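Q: Could you walk me through reading some ring and surface features in a model like this one?

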Amino acid sequence: MKTENTYTTTQLVGLVLLRMIIGWHFLYEGIVKVLNPKWTSYGYLMDSKGWLQSFFQSLAENFSLLQAVDFLNEWALLLIGLALIVGCLARVATIGAMVLLAFYYLSHPPLIGYTFLMPSEGSYLWIDKNIVEIAALFVLYVFPTSGIVGIDRWWRRIRN
Amino acid sequence: MNKLDREKVEGQPESSTRRELLKTIASVPVLGAMAYGVYKRSKYDRMRRDLSDVFKLDNLTPPVMETQPDGKQIRIGLIGFGIRGKQLMRGIGFAEPQYIENLKEAHKRNPKDTRYADFMEQENLNVVVNGVCDIFDVYGEAAILTGSNLHREGLNGHYAAPPKRYRHYRELLAADDIDAVIIAAPDHWHGTMAMDAALAGKHVYLEKPMTWTVPETYRLREIIKQTGVVFQLGHQGRQTDSYLKAKEIIEKDILGHVSLIEVCTNRNDPNGAWVYDLIEGSSPETIDWKQFEGNADRIKEYLDYMRENGLERYVGPDSRDRFSLERFFRWRCWWDYSTGLSGDLLTHEYDAINQIMNLGIPHSATSSGGIYFFKDGRTVPDVLQTSFEFTNHDLTMLYSATLSNQRNRGKVFMGHDASMELSNTITILVDPRSTRYREKIDSGIIQPDVPFFRYVPGQTDTDAITSATELYFAQRGLLYSYVNGKKYDTTFLHLREWLECIRRGGQPSCNIDKGFEEAITAHLGTRAYLEGRTMYWDADKELITRG
């Protein structure tokens, strides 16, 4: 684990800000879904395209699987967001966030010739904002900050 | 933590411990900002959706008549095993073995094609098929095999005892091991067969349209009422979940006064234009052409009307006794057997509207159209507009159809306060000039360009749309299309309702009175087209007049 001594203050501020901004994004996406009892990933999954299209659609078409997917997705988003913001178990949360985003990317890959029901707000070729966020999370993974600013700092103290 | 760090922390002055704590919880206040944001946002959303004073809908679920577990078995006779006859047989659980094989094959090719599993899971309606009748040998033989396929098996399966095949429908009606008949013959036979069936004491499920000629419409109503048999007309749309919700919306006056309803049926392929395949094995030897020609009394009624009104150009052009495969398989293309767009497609639309608004028979009908694309020798139009005036309801219902473009125009109810677009789902848009919702529009609670309400079957609450994402998917049909996790076939439900009314008594949803309204309405439209003038309904005398 790196320490604060290895970052300049500006670097540390930048990394912590990045962590909190991504955390905010995840947390709000999770809260919106948890608060809306009608929310379901059915439409999104059914709109999947690409290599794993049939896998995602089969999740949607099985009612109990769909319920499980919905539950896991909304609570994973919420808890990951929370973890990144407060810096608690941030490494695990970072990996979880990357896995979730990878699923979104794989279900809606911005490949040539694919159009999706939900129009995107920008124009993408191969790289979309999911990939950008995954890359940002990877940066957070290799430059962790929660041991410096965050609850993980306390864990670390207890462990030591 | 490295050595240097640890040294800093352990046994340190108080200021250092405080700094340590600050660093640990520095980002926690962000959660407060999030909580505040979520609170503000949900308050805004609640204000936006505060429609409780104007929008009160119940969470009604469709009243489905379940099959009684200990009900008596009903013995069915089928008349007509063409395209629709095959579908109706599947509706009561009997499919051709080859059809089952095709479904299995389709599932193998595409695991998401679940029609095989759906059909196998379709509830057993406790019926047996004892008799079948078709005047084409290939269909007749296929009907026997289908009627014996009690266990829904594929080729080379174990079939039950085969039903008896009757060459003439009257022989089938005379059989005493048949309680009820399903009639799926061509239009020109509908009324006659239904009357004969009722007189023979059989309950009747009759495909739409109810009748081919006007005079038989009155007689059929009389006979059904006299005999007291259970009669159901084949408008399976009666079982559509969203129509029940639409009825409630109309009853609660959410749209304001509805002055115009637009209904359409657009298709764009030969099959949709009734250019069906000529089936292999068909010839004068395998088709009972004499019986196909029709009932002599009905033909007389038809020809009398055409001649009396100078409409001979719509008769034929072939002589009725001349054998023709085109006319046998594509009978819908000629008035000699058909009721055209009015009988085939308009009736479904009208019945849906009649179910929702209880309009009854219109005051008048005016039609226009022509044969503009399928110039294949047909006499019925492939483009038709009919406007029906319901003066006692202060509204017009406009039907508009083409058989050479399949643009979906939906059923739209135009009210002073809101419009409702109806299909399997419902969307309501508030009118920007609505009087009733004025205040809510001005205060931004209702945005006229955003659907005010969306109903999707299977969703239990009837809240307004909660997110743009939901709206996108809902509009494209990608929300639950099944009730309680189960997809229902409306034809199956319609047949089940009829069978349960036979068992328990009671009137099915599309009974003879509704059928009478459907038939007269369609005839008004047809006559308006044929005669090129507005036709009127004299409600007191129950007569079609020319004003």
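**Rings and a surface patch**

A: Gladly! Trp75(A) counts as partly exposed because its relative accessibility is 33% (buried means under 20% relative accessible area, exposed over 50%, partly exposed in between, with a 1.4 Å probe and protein chains only). The model is predicted, so local features need pLDDT of at least 70 and side-chain atom pairs pLDDT 80 or more, while totals for chains, interfaces and linings use all residues. Residues are numbered from 1 along each chain as written, chains are lettered from A and ligands numbered from 1 in written order, and side-chain values use heavy atoms, without hydrogens and water.

Q: Where does Trp75(A) lie?

A: Helix H4 (residues 63–86) of chain A holds Trp75(A); helices are DSSP runs of H or I with at least four residues, numbered from the N terminus.

Q: How many aromatic pairs are there over all chains?

A: Rings of Phe, Tyr and Trp (its six-membered ring) pair if their centres lie within 6.5 Å; planes under 30 degrees apart are stacked, over 60 edge-to-face and the rest tilted. The count here is 24. Take Phe292(B) and Tyr337(B): with centres 4.9 Å apart and planes at 35°, the pair is tilted. Phe292(B) is in helix H12 (residues 289–293) of chain B and Tyr337(B) in the loop between helix H14 (325–329) and helix H15 (340–357) of chain B, so the pair ties together parts 45 residues apart in sequence.

Q: Are Phe292(B) and Tyr337(B) buried or exposed?

A: Both are buried. They also belong to one aromatic cluster, whose members include Phe136(B), Tyr139(B) and Trp289(B).

Technical notes:
Helices (H or I, at least four residues) and strands (E, at least two) are DSSP runs, numbered from the N terminus.
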